[in-house]
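Visitor: I am new to this kind of picture. Please show me how to read it, one feature at a time.

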Amino acid sequence: MFKLQNEEVNTGRQRELDLVKGFLMIMIVFIHSFQTLANQTAIESSVYKILFAGFMPTGACLFLFCMGFGSVFTKRNQPGDLVKSGIKLLWYQVLSNLSYSLCLIIFFQLRNVIFGEVEGTIELYQESVYSAITFVNIFFISGACYLVLALYKAIHMPLMGYIISAIVVGMISPYMGTICSENEAVNWILDMSFGGKGETSFCFFPYLSYVFMGYVFAKVIRKISERDKAEFYKKSGLISAVIAAIWMGFVIWKHPDLDEFFTYMLFQYRIPGIAKVIGTCCSILLCFAIAYGVAPFFEKWKFGYRKLMEYSKHISKLYAVHIGIFFSIQAFLSFAGVGTAACLGWAVLVLVLNDLVVQGYVAIEKRIVRK
């Protein structure tokens with residue numbers, strides 16, 4: 001029987017977190033392959049809908065959950081440190097958007113020089129560049145969430161306050177998502193914050209629930225001794241599995257058709273309600289439990305284990321770079337969509353290219369630091 005220690009006794013790196021984050025990065029690449037390169041047939045295929053809907057119980061939510069979790073384990077977790085991390089991520093959003101725009105511009109022009117311009121692609125190209133410049137993704141959300149964590153840290157919010165905040169956010173997010181304005185600039189800010197306009201990839205406010213619960217879970221883990229972790233994950237994994245199964249069973253019962261199920265998960269992806277928050281958090285805890293259980297066996301596959309550890313360590317870089325690669329491919333193809341098999345093939349290639357680019361960057365960065 002495990003018990004919570006009075007002191008924080010488990011403050012080292014949690015390999016189950018690294019395994020989950022590493023696998024998350026792989027799944028993100030496959031989903032983004034469809035979202036950037038797919039033609040109409042591929043985007044309407046059962047393969048994509050099953051991949052997306054099946055992964056969305058965790059997906060981006062897991063990324064934010066891990067961010068809240070990691071904010072507890074990092075040594076730089078004082079309010080000032082969290083503010084710096086938040087501002088840095090917001091800057092990454094700006095920098096990545098400029099980089100994505102350049103990828104589109106360079107590779108579209110290069111393609112036209114080599115093969116000639118495809119009729120009717122200029123409008124698609126201009127729309128894509130505009131979308132890249134105004135792109136809002138995980139960096140914006142993470143940055144904004146860090147600023148909220150800094151505020152909570154500064155006011156010494158008790159642990160129960162994080163739990164209550166997560167529940168409140170989950171309950172009011174669907175209502176906040178209906179707020180719109182006739183002013184275009186204000187409407188864009190509302191969309192980035194609550195999701196009402198529906199044009200941004202993510203909106204910041206609903207995802208606070210996962211950050212808060214990740215923070216709470218990390219606080220609990222830190223009071224579980226290493227010898228008790230196996231028992232803790234057995235019990236928490238079982239309870240989480242039951243709750244997640246009940247939630248998913250209810251969703252499937254309400255939306256038995258694949259298209260209905262996909263549509264529901266797509267909406268909940270942007271603005272999750274309280275049921276989705278609970279179901280997702282339980283799904284994430286189940287993933288942690290599974291990762292902890294398989295880690296000793298998976299560790300024997302040295303290449304795979306090492307790669308997931310690397311993916312976890314450099315997940316921000318990998319996330320930023322892979323989108324630029326997909327945009328480059330999209331522009332070079334003159335925005336002509338590809339089929340299902342091609343999307344899967346491109347995803348594998350992008351995984352390799354992404355890894356090589358980030359490895360190269362890290363190697364150069366290390367040389368500069370040594371000098």
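Guide: Start with pockets. On a 1 Å grid over the protein atoms alone, a pocket is an open set of points with protein on both sides within 12 Å along at least five of seven lines, whereas a cavity is a set of points where a 1.4 Å probe fits but cannot get out. Lining residues have an atom within 4 Å of a point. Grid points are joined across faces, edges and corners, and a volume is the space filled by probe spheres set on the points. Here the second largest pocket has a volume of about 1,100 Å³. It is lined by 43 residues, and the closest to its centre are Gln35, Thr36, Phe135, Ser201 and Phe327.

Visitor: What kind of model is this, and how are residues numbered?

Guide: It is a predicted model, in which local features need pLDDT of at least 70, side-chain atom pairs count only at pLDDT 80 or more, and totals for chains, interfaces and linings use all residues. Residues are numbered from 1 along each chain as its sequence is written, and side-chain values use heavy atoms, with hydrogens and water left out.

Visitor: Which elements give two or more residues to the lining of the second largest pocket?

Guide: Elements first need a rule. Helices (H or I, at least four residues) and strands (E, at least two) are DSSP runs, numbered from the N terminus. For the second largest pocket, the elements that give two or more lining residues are α1, α3 (46–55), α4, α6 (122–133), α12 (258–270) and α15.

Visitor: How do the residues of that lining divide into nonpolar, polar and charged?

Guide: Ala, Val, Leu, Ile, Met, Phe, Trp, Tyr, Cys and Pro count as nonpolar; Asp, Glu, Lys and Arg count as charged; the others, Gly among them, count as polar. The lining of the second largest pocket has 27 nonpolar, 13 polar and three charged residues.

Visitor: What is the volume of the largest pocket?

Guide: The largest pocket has a volume of about 1,700 Å³. Of its 46 lining residues, the closest to the centre are Lys313, His314, Ile315, Ser316 and Lys317. α5 gives the most to this lining, with 10 residues. The lining of the largest pocket holds 23 nonpolar, 14 polar and nine charged residues.

Visitor: Where does His314 lie, and is it buried or exposed?

Guide: Buried means under 20% relative accessible area, exposed over 50%, and partly exposed in between (1.4 Å probe, protein chains only). His314 lies in the loop between α14 and α15. His314 has a relative accessible area of 16%, so it is buried. Contact means heavy atoms within 4.5 Å. Leaving aside neighbours within four places in sequence, His314 is in contact with Val358 and Val362.

Visitor: How can I check the span of a helix?

Guide: The expected span is 1.5 Å times one less than the number of residues. Helix α15 (residues 315–332) has 18 residues and should span 26 Å; its end C-alpha atoms are 26 Å apart, which agrees. Of those 18 residues, 14 are buried. Now try α4. Its 15 residues should span 21 Å, and its end C-alpha atoms are 22 Å apart, which agrees. In α4, 14 of the 15 residues are buried.

Visitor: What follows α15?

Guide: Here the backbone angle phi matters. Most residues other than glycine have a negative phi. Ser334 follows α15, and it has a positive phi of about 55 degrees although it is not a glycine. Ser334 sits in the loop between α15 and α16 and counts as buried, at 5% relative accessibility. Phe335 lies in the loop between α15 and α16, and its phi is also positive, near 60 degrees. Phe335 is buried, with a relative accessible area of 16%.

Visitor: Which residues does Gly22 touch?

Guide: Gly22 is found in helix α1. Its relative accessible area is 0%, so it is buried. Not counting residues up to four places away in sequence, Gly22 touches Leu308, Tyr311 and Ser312. Gly22 and Lys307 are 285 residues apart in sequence, yet 7.6 Å apart in space, C-alpha to C-alpha.

Visitor: How many helices and strands does the protein have?

Guide: The protein has 16 helices and zero strands. The radius of gyration is taken over C-alpha atoms, and the globule rule is 2.2 Å times the number of residues to the power 0.38. The protein's value is 21 Å, close to the 21 Å that the rule gives for 371 residues, so it is as compact as a globular protein of that length. Buried residues make up 51% of the 371 residues.
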